[in-house]
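This report describes a structure with reference to its backbone, its strands and helices, and the contact between its chains. The account begins with a single residue and widens from there.

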Amino acid sequence: MIEWKKSRMMVSRELPLHLLILPSVICLLVFNYTPMVGLVMAFQDFKPRLGFLHSPWVGFKHIHYMFTYPDSIQVIWNTFLIASLKIAANTVVPIVFALLLNEVRMLVFKRFVQTLVYLPHFLSWVILGGILTDILGNKGIVNHLLSGLGVEPIFFLGDGTWFRITVVISDVWKEFGFSTIIYLAALTGVNMSLYEAAEMDGAGRLKQTFHITLPALVPVILVVGTLALGNILNGGFDQIFNLYNPLVYREGDIIDTFVYRVGLMSGSFSFATAVGLFKSAVSFILIVVAYRLSYRFGNYRIF
Amino acid sequence: MKKRFKKQAWIAIAIAVTMLSAVACSSKSNTEQNAQTEQNAQTENVGSESQQEVTISLGRLVGSDNKFKNGESIEDNVHTRWAKEKFGINFQTDWTVGTGDAFTTKLRILLNANEKLPDVFTLNDPTLENQFVDSGNVMDITEAFDKYASPRIKELYAKYPEIWNTVSYDGKHYGLPTFNAISSFSVLWIRQDWLDKLGLQAPKTIDDLETVMDAFVNGDPDGNGEKDTIGLSLSLKKGVSAVKDTFMVSSDFLFGQTAVPTYWTEGIDGKLQYGSLQPTVKAGLVKLSEWMKKGYLDKDAGAMDESKAAESFVQGKSGIVFGPTWMATWPFNQDMKFDYKPISIPTGIDGKMGFGSEPQSSVRFYFSKDFKQMEAFFNYLDAIMGPGFYDPSSEFANGWAEGYDYVMVDGKPVYDADQIPGGWIDVKKYTIYGNDIQTPKKELEVMAKLGQGNTPETPYEMYFSARPKKWAEAAAVLQTYLDEAAVFDQFTGPPTATMVEKGELLRKMENETFLKIIYGRESPDAFDSFVDKWKSSGGDAITDEVNEWYQAVNK
């Protein structure tokens with residue numbers, strides 16, 4: 001009897017909350033789940049006129065074609081390499097930066113720097129593409145400085161290896177300020193008495209950082225890291241598309257730009273869908289694995 | 001505490017619901033309004049029955065830049081009232097969308113679902129157009145055109161019969177292609193002050209061009225004592241291509257007339273051949289790589305898109321740029337305080353002037369198979385094409401509607417938005433085409449006349465005289481060689497099966513090889529292995545398919 005009453009109370013208490021979330025759930029179903037039906041295109045020879053209800057089924061033809069397409073392996077490798085470098089750099093740099101900023105005692109300066117570094121996050125790659133072409137150009141400021149040091153001008157956007165480095169560094173420059181905020185927020189939650197205790201025991205700032213601050217950040221790092229793994233095959237379409245050119249196709253072409261050219265420009269929808277499906281499947285597997293691992297070793301449930 | 005929370009939550013929900021219903025209400029009242037206007041229109045119709053009335057159903061594009069005044073709408077406005085009065089045409093709006101992409105998507109969905117198509121609609125996607133014709137839902141207009149098209153329209157299409165290729169199937173015409181202006185592409189813009197300073201003449205051949213570029217780079221034309229100028233601005237980001245991919249600052253004039261990279265042109269055997277494979281292109285690439293090595297070109301050309309590449313000329317760092325006549329308004333501007341002018345392109349690598357032209361047609365009209373009012377359509381079309389023919393007697397010579405996109409002040413049309421009561425309205429967006437329908441080289445004629453220094457007489461000449469003077473000068477230059485030099489891409493059909501499958505791979509290979517040759521990372525001989533590889537990786541099949549299409553449309 002009491003149980004029943006309790007559960008009724010629970011319902012009446014939580015009903016408004018469920019109602020509140022309902023629009024979002026509906027949107028999610030309509031815009032995120034329903035379109036997944038379109039994935040059947042990957043196993044059809046999709047003709048827009050026939051739609052995916054009537055297009056002929058071809059099984060794994062497009063998946064097979066993807067792995068035998070002369071460029072595929074190169075493109076997948078490029079994506080994997082660029083994305084991994086980005087994930088690694090985008091994890092390490094913000095943590096280090098957050099730790100350093102956390103040590104700053106002057107609040108005004110701290111706030112100022114924090115705002116300054118996260119501003120690039122709001123710039124679009126279309127604009128940044130133009131700016132980078134200027135800055136990194138043959139007569140740009142970077143090469144100007146390098147020539148002051150006696151280094152030959154580097155064609156950052158036209159040389160394969162340099163292109164990859166440019167892509168990773170510019171992405172970190174654009175995004176690290178934003179990720180820093182997450183870590184700074186986590187740092188404010190650390191119990192101050194721990195630091196006091198450590199100080200009493202004679203630990204210096206460095207020791208405090210390694211034994212108190214970093215362990216406190218581990219859960220956040222795990223969450224951010226796991227979510228980032230889902231992007232292991234996302235090289236960053238906007239960025240690459242605005243920066244790449246035929247000179248760096250071999251080292252810079254990623255799955256998304258490739259799909260864009262094949263799918264949209266040449267109109268082979270099924271093939272593009274198959275590639276997209278492959279990407280999603282890999283991301284899904286990686287997220288699940290990372291989730292399990294962080295539960296097992298970090299003893300931390302992300303979701 | 002608990003209670004208070006509950007109250008807040010309910011308030012939040014209440015707000016959310018109100019907002020949602022507000023949205024729903026506003027859309028409802030819109031439909032009501034529409035219904036009302038329709039009713040009004042119907043009551044009006046009763047009055048004028050002197051003329052036989054016809055109804056043409058349309059899908060309409062009403063973008064955010066599509067403004068209305070005087071309580072008008074896309075169904076009822078100054079243009080639709082004109083059409084009704086003059087031709088007895090009622091435009092019935094089946095549906096409206098906000099963007100050009102949405103328009104195409106809507107038509108694609110209607111086709112897929114086999115639902116009713118608008119009587120008349122336009123498309124600019126050959127793949128989709130092919131599907132429409134395949135579906136049997138669009139009308140063969142061959143006879144209707146012969147029967148109803150006005151003499152000047154017939155004459156125009158007879159003059160450029162190849163335009164029908166885009167809509168020809170088994171010798172019948174399943175749509176009506178509209179022409180592009182063919183009035184802008186392309187001239188060479190050069191720094192006259194640099195030429196004067198270095199005592200040089202405008203280049204007539206590629207050899208001349210080399211001399212000029214060499215002086216522009218090594219002769220310190222800007223007089224600052226530094227070797228910081230470039231000879232020729234180029235954008236190679238989209239490969240070595242012409243206006244179809246690189247809309248300005250391209251390099252196609254260098255290759256002459258025999259072949260334009262990425263364009264299909266008829267060879268001596270009457271078959272279409274792919275431009276990028278021809279020996280003249282190899283010779284052109286060798287030239288470009290020499291120029292790159294000698295510093296005539298911007299070292300960053302490969303990474304720059306069109307507007308980026310044009311910047312160096314605008315900033316006074318580059319001596320020559322190849323591009324359309326309208327570059328005079330953009331990217332060029334008033335702040336360029338140096339003497340530059342448009343000149344004829346030099347003869348190319350094969351000793352002839354040549355460059356890749358814009359396609360003859362980009363947009364096509366299609367008609368639902370159930371549409372019966374072709375006569376009314378062609379009458380209406382002839383009237384709205386008046387400005388496209390630059391016909392001084394057209395009732396639209398000054399603009400589409402007085403008080404909307406112009407007003408008459410002291411007997412002269414004024415286009416200044418401040419002087420038009422209620423503001424400037426783009427009435428051409430109310431027409432069935434949504435834009436001016438151009439006819440080839442007519443705009444060029446008018447502009448060239450102005451460029452030759454003639455005083456503007458016709459309304460069109462008056463209107464164009466507001467454009468920058470350099471634009472008109474460029475038109476006058478272009479007119480002298482356009483017919484001789486323009487090379488059209490003669491493959492205008494939908495992408496063939498092998499193109500869909502392999503086209504991207506081949507194009508990527510082409511762009512990569514060409515740029516590496518230009519940058520000296522691969523020897524010019526890489527061109528020959530590219531040609532072999534292109535042919536064996538699907539290119540031969542594409543060539544066969546393209547020629548199959550070419551034979552079919554030319555039957």
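Ile182(B) is buried, since 22 other C-beta atoms lie within 10 Å and 20 or more are required for that class. The model discussed here is predicted. Ile182(B) has a positive phi of about 40° although it is not a glycine, and its place is in the loop between S6 and S7 of chain B. A second residue of this kind is Thr262(B), not a glycine either, with a positive phi of about 70°. Thr262(B) is found in the loop between S8 and strand S9 (264-266) of chain B, and it counts as buried because 23 C-beta neighbours lie inside 10 Å. As background, most residues other than glycine have a negative phi, and most peptide bonds are trans.

The peptide bonds of chain B also include cis cases. The bond from Phe185(B) to Ser186(B) is cis, with omega near -20°; Ser186(B) is placed in the loop between strand S6 (176-179) and S7 of chain B. The bond from Trp330(B) to Pro331(B) is likewise cis, with omega near 5°, and Pro331(B) lies in the loop between S11 and S12 of chain B.

**The sheet of chain B**

Which strands form the open sheet of four strands, and in what order? The order is S8-S11-S7-S12 (chain B), and the pairing is mixed. Strand S8 (230-233) and strand S12 (340-343) of chain B are at the edges with a single partner strand each, so one side of each has no neighbour in the sheet. On average, neighbouring strands of this sheet are turned by 20° against each other, direction ignored. The pairings are listed below.

| Strand pair | Bridges | Direction |
|---|---|---|
| S8(B) and S11(B) | Three bridges | parallel |
| S7(B) and S11(B) | Four bridges | antiparallel |
| S7(B) and S12(B) | Four bridges | antiparallel |

Leu232(B) stands opposite Ile320(B) in S11(B). Trp189(B) has Val321(B) as its bridge partner in S11(B) and Pro342(B) as its bridge partner in S12(B).

Helix H8 (residues 206-218) of chain B touches S8 and S11 of chain B, and its direction makes about 125° with that of S8(B). Helix H14 (residues 469-479) of chain B touches strand S7 (187-191) and S12 of chain B, its direction making about 25° with that of S12(B).

Are the residues of S7(B) buried or exposed? Five of its five residues are buried, and the strand is mostly covered. Val187(B), Trp189(B) and Arg191(B) point one way from S7(B), whereas Leu188(B) and Ile190(B) point the other way.

**Helix pairs**

In chain B, the axes of helix H3 (residues 100-112) and helix H4 (residues 126-135) come within 11 Å and cross at roughly 30°. That angle makes H3(B) roughly parallel to H4(B), because angles under 35 degrees fall in that class. The crossing of H3(B) past H4(B) is left-handed. H3(B) contributes Thr104(B), Arg108(B) and Leu111(B) to the contact, and H4(B) contributes Leu128(B), Gln131(B), Phe132(B) and Ser135(B). By class, this contact of H3(B) with H4(B) has three nonpolar, three polar and one charged residues.

In chain A, helix H5 (residues 107-118) and helix H8 (residues 160-188) pack at an angle of about 135°, with their axes 6 Å apart. H5(A) is therefore oblique to H8(A), and H5(A) passes H8(A) in a left-handed crossing. The contact involves Gln114(A), Val117(A) and Tyr118(A) of H5(A), together with residues of H8(A) including Phe176(A), Gly177(A) and Phe178(A). The residues of the contact of H5(A) with H8(A) divide into six nonpolar, three polar and no charged.

Chain B has 17 helices and 17 strands, and its C-alpha atoms fill a box of roughly 80 × 75 × 55 Å along the principal axes. Of the 555 residues in chain B, 43% are buried. Among contacts in chain B between residues at least 6 apart in sequence, 73% join residues at least 24 apart.

Methods:
Residues are numbered from 1 along each chain as its sequence is written. Chains are lettered from A and ligands numbered from 1 in the order in which they are written. This is a predicted model: local features need pLDDT of at least 70, side-chain atom pairs count only at pLDDT 80 or more; totals for chains, interfaces and linings use all residues. Two strands pair if DSSP finds at least two bridges between them. Helices (H or I, at least four residues) and strands (E, at least two) are DSSP runs, numbered from the N terminus. Axes are lines fitted to C-alpha atoms, for helices over the stretch in contact, and angles run from 0 to 180 degrees between N-to-C directions. Two residues are in contact if their C-beta atoms, placed from the backbone, lie within 7 Å. Angles under 35 degrees count as roughly parallel, over 145 as roughly antiparallel, 65 to 115 as roughly perpendicular and the rest as oblique. A crossing is left-handed if the near helix is turned anticlockwise from the far one by less than a right angle, and right-handed if clockwise. Ala, Val, Leu, Ile, Met, Phe, Trp, Tyr, Cys and Pro count as nonpolar, Asp, Glu, Lys and Arg as charged, and the others, Gly among them, as polar. A residue is buried if 20 or more other C-beta atoms lie within 10 Å of its own, exposed if 12 or fewer, and partly exposed in between; C-beta atoms are placed from the backbone.
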